[in-house]
Amino acid sequence: SVSSIEEALREICEQTAPPSGRASPSLAVLTTADRDTWARLRADLESHSPANVSSLGAIDDALFALSLDTATAGTKGGDEPSGAQMVAAERLALCGDAYDAPRWMDKSVSLCVSADGVPIIHFEHSWGDGICVARAGGEAWHTIGTNAFPPTPAGETAAPPRRLEWSLPPAVSSALPRVAADYESRCAALEVDILTFERFGGAAIKKWGVSPDGIAQAAIALAFYSLNGRLAATYESATTARFAGGRTETIRPVTSECQAWVEGAAAGAELHEQARLLRASAKAHQRVAKEASEGHGFDRHLFALRRLAERKREASGGSYAVPALFSEPAYVALCANEMSTSSVSLSHTLNSGFGPVHPEGYGVFYFVGERTSVPRGMRFCTTAYAPRSARKLNEAIKEALVHVQSVLQAEEGAARSKL
């Protein structure tokens with residue numbers, strides 16, 4: 001029941017010593033190490049003490065991890081946070097902190113609450129996708145908003161929380177600060193930037209008769225082109241949840257029509273011609289998105305064939321030759337995914353984000369549409385490692401969206417003048 005959970009949390013807070021500075025990182029930081037390093041350290045823990053085996057088993061068996069952070073997300077008083085505050089909250093959500101906001105990375109889902117009361121859902125990707133977490137978060141938000149909690153059964157008593165006991169062998173004790181420093185260095189290298197664009201949003205785009213997602217992708221493509229003079233291999237996720245066991249398929253938003261739109265806009269074509277190209281790009285995006293969600297994409301199919309071929313080569317001791325297709329420069333470039341993008345309608349969520357999947361790429365999560373936290377605009381959470389710049393890409397996305405608006409408004413004005 002709610003009351004028993006509340007009682008347990010209060011007891012945990014009362015029994016937990018207040019933070020004593022940054023003297024020692026949390027044991028959870030070991031789960032941020034590469035898999036081989038963590039596997040070796042975990043084996044050291046298990047062989048050192050039965051208490052460690054019991055504590056690790058309790059964590060493994062838990063439905064999720066709960067982190068009551070002593071770090072703040074930077075928000076104040078429940079008001080709409082500023083841009084800097086939102087970036088601070090997103091950084092805390094993505095990375096946590098080795099000392100004040102630990103994340104047990106092996107858990108599929110971690111529920112976290114910052115010291116200033118910001119709820120965070122942190123999840124790893126192997127078991128499921130953003131749409132699953134969005135659905136779960138939405139259901140929880142609805143339950144909280146309607147106070148639809150079951151009543152506390154009469155006479156219910158909950159088992160008191162049990163403190164996990166640890167005994168650290170020397171190898172683990174010496175590894176802790178080293179792993180923490182490495183993780184903090186990697187997190188510090190990740191640039192996070194958030195663009196909230198409010199000049200127009202999903203409703204206005206629909207009035208123009210084009211797809212909101214198609215417009216967002218057209219702007220992202222134009223932004224990348226304006227910074228690099230070329231287009232990027234771009235990934236956009238599509239859910240295949242309509243199928244049993246379905247996860248995702250890849251939408252390839254940079255179609256031939258998208259390329260024509262970007263090159264036309266960059267070359268300064270007549271506005272009516274740019275509008276035609278933009279509409280064709282958005283229409284093509286609708287087509288490839290539909291194909292992907294209906295199971296007609298090609299990325300997952302080729303990925304499975306490549307992995308089967310690689311396993312066959314391994315089993316043959318190297319005598320089997322992997323088909324040349326998978327080493328073709330075009331295929332290798334396509335799989336690099338310099339631009340990794342995703343969008344989910346989340347009215348209950350202020351923001352969401354993920355890191356780039358390419359060392360010199362971008363991760364772009366965006367909201368567009370009435371059923372989001374920016375109902376009359378758009379929001380882009382962009383991440384990048386140097387030499388890329390998340391801030392510069394967001395600035396270019398803003399410029400691209402302003403240009404899209406001028407193109408479609410010019411078309412709208414020309415149509416009115418003919419009446």
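This passage describes selected local features of a predicted model. Residues are numbered from 1 along each chain as its sequence is written, and side-chain values use heavy atoms, with hydrogens and water left out. Local features need pLDDT of at least 70, and side-chain atom pairs count only at pLDDT 80 or more, while totals for chains, interfaces and linings use all residues.

Helices (H or I, at least four residues) and strands (E, at least two) are DSSP runs, numbered from the N terminus. Two strands pair if DSSP finds at least two bridges between them. Strand β1 covers residues 65–68 and is joined to β2 by four bridges. These two strands run parallel. Ala65 has Ser110 as its bridge partner in β2. Strand β2 (residues 109–113) is also joined to β3, here by five bridges in an antiparallel arrangement. Val109 has Phe123 as its bridge partner in β3. The hairpin of β2 and β3 has five residues between the strands. In this hairpin, Gly117 takes a positive phi near 85°.

The side chains of β3 (residues 119–123) alternate. Ile120 and His122 point to one face and are buried. Buried means under 20% relative accessible area, exposed over 50%, and partly exposed in between (1.4 Å probe, protein chains only).

Aromatic rings were examined next. Rings of Phe, Tyr and Trp (its six-membered ring) pair if their centres lie within 6.5 Å; planes under 30 degrees apart count as stacked, over 60 as edge-to-face and the rest as tilted. The count by this rule is ten aromatic pairs. Tyr366 and Phe380 form a stacked pair, with 5.8 Å from centre to centre and 25° between the planes. Tyr366 lies in strand β8 (residues 362–368) and Phe380 in strand β9 (residues 378–385), so this pair ties together parts that are 14 residues apart in sequence. Both residues of the pair, Tyr366 and Phe380, are buried. Trp38, Trp104 and Trp166 form one aromatic cluster.

Rolling a probe the size of a water molecule over the atoms shows where empty space is left. A cavity is a set of points, on a 1 Å grid over the protein atoms alone, where a 1.4 Å probe fits but cannot get out; lining residues have an atom within 4 Å of a point. Grid points are joined across faces, edges and corners, and a volume is the space filled by probe spheres set on the points. The whole structure holds one cavity of 30 Å³ or more. The largest cavity has a volume of about 40 Å³. Its lining includes Ala28, Cys95, Asp97, Arg103 and Tyr183. The lining residues of the largest cavity divide into eight nonpolar, one polar and two charged. Here Ala, Val, Leu, Ile, Met, Phe, Trp, Tyr, Cys and Pro count as nonpolar, Asp, Glu, Lys and Arg as charged, and the others, Gly among them, as polar.

Two side-chain polar contacts follow. A polar contact is a pair of N or O atoms within 3.5 Å; within protein, one must be able to donate a hydrogen and the other to accept it, and residues adjacent in sequence count only if both atoms are side-chain atoms. Arg276 lies in helix α10 (residues 271–293). Its side chain makes a polar contact of 2.6 Å with the side chain of Glu273. Arg276 is partly exposed, at 48% relative accessibility. Ser211 sits in the loop between α7 (202–207) and α8 (212–228). Ser211 is buried, with a relative accessible area of 12%. A polar atom of the Ser211 side chain lies 3.0 Å from the backbone nitrogen of Gly214.

Most residues other than glycine have a negative phi, and most peptide bonds are trans. Asn337 has a positive phi, near 50°. Asn337 is in the loop between α12 (329–336) and β7 (339–342), and is buried at 12% relative accessibility. The peptide bond from Ala386 to Pro387 is cis, with omega near 10°. Pro387 belongs to the loop between β9 and α13 (390–418).

Key:
1 Å grid on protein atoms, 1.4 Å probe; cavity = no way out; pocket = protein on both sides within 12 Å on 5 of 7 lines; lining within 4 Å.
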